[in-house]
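The sequence and model are shown first.

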Amino acid sequence: MPLEQMMTLKALRVRKGLTQNDVANIMGVNRMTIIKWEKDAGNMPIKYMSRFSELYKYPMNAIFFGSVISFRDKLNVEEGRK
């Protein structure tokens, strides 16, 4: 199984075409909480980590627990073929 590239919450949100308000409504929190988590997810409750992973269809480890982060919000054509 290939390793997933680390991604930021913001990059994943943009890839999905969602606004911060959209994500706040889906998560049941306010927009300011999403802004805070996109800057620093260090104090985010684990239940939300799991929900972000499900929403963005991306492994939780590759969002929250890795060491190399991609800030890109668009997939390269080559990545889409893998």
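## Overall fold

Of the 82 residues in the protein, 38% are buried (under 20% relative accessible area, with a 1.4 Å probe and protein chains only). The model is predicted, so local features need pLDDT of at least 70 and side-chain atom pairs count only at pLDDT 80 or more, while totals for chains, interfaces and linings use all residues. Residues are numbered from 1 along each chain as its sequence is written, and side-chain values use heavy atoms, without hydrogens and water.

The protein contains 6 helices and 2 strands (DSSP runs of H or I with at least four residues, and of E with at least two, numbered from the N terminus). Their order from the N terminus is β-α-α-α-α-α-β-α. Among contacts (heavy atoms within 4.5 Å) between residues at least 6 apart in sequence, 62% join residues at least 24 apart. The accessible surface is about 5,700 Å², and carbon and sulfur atoms account for 54% of that area.

## Helices α2 and α4

Helix α2 (residues 20-27) packs against helix α4 (residues 46-56) at an angle of about 120°, and their axes lie 11 Å apart.

| Helix | Residues in the contact |
|---|---|
| α2 | V23, I26, M27 |
| α4 | Y48, R51, F52, L55, Y56 |

These residues of the α2 and α4 contact comprise 7 nonpolar, no polar and 1 charged (Ala, Val, Leu, Ile, Met, Phe, Trp, Tyr, Cys and Pro count as nonpolar, Asp, Glu, Lys and Arg as charged, and the others as polar).

Conventions:
Axes fitted to C-alpha atoms, helices over the stretch in contact; angles between N-to-C directions. Buried < 20%, exposed > 50% of the residue type's maximum accessible area, 1.4 Å probe, protein only. Areas by Shrake-Rupley, 256 points an atom, 1.4 Å probe, with all protein chains shown as cover.
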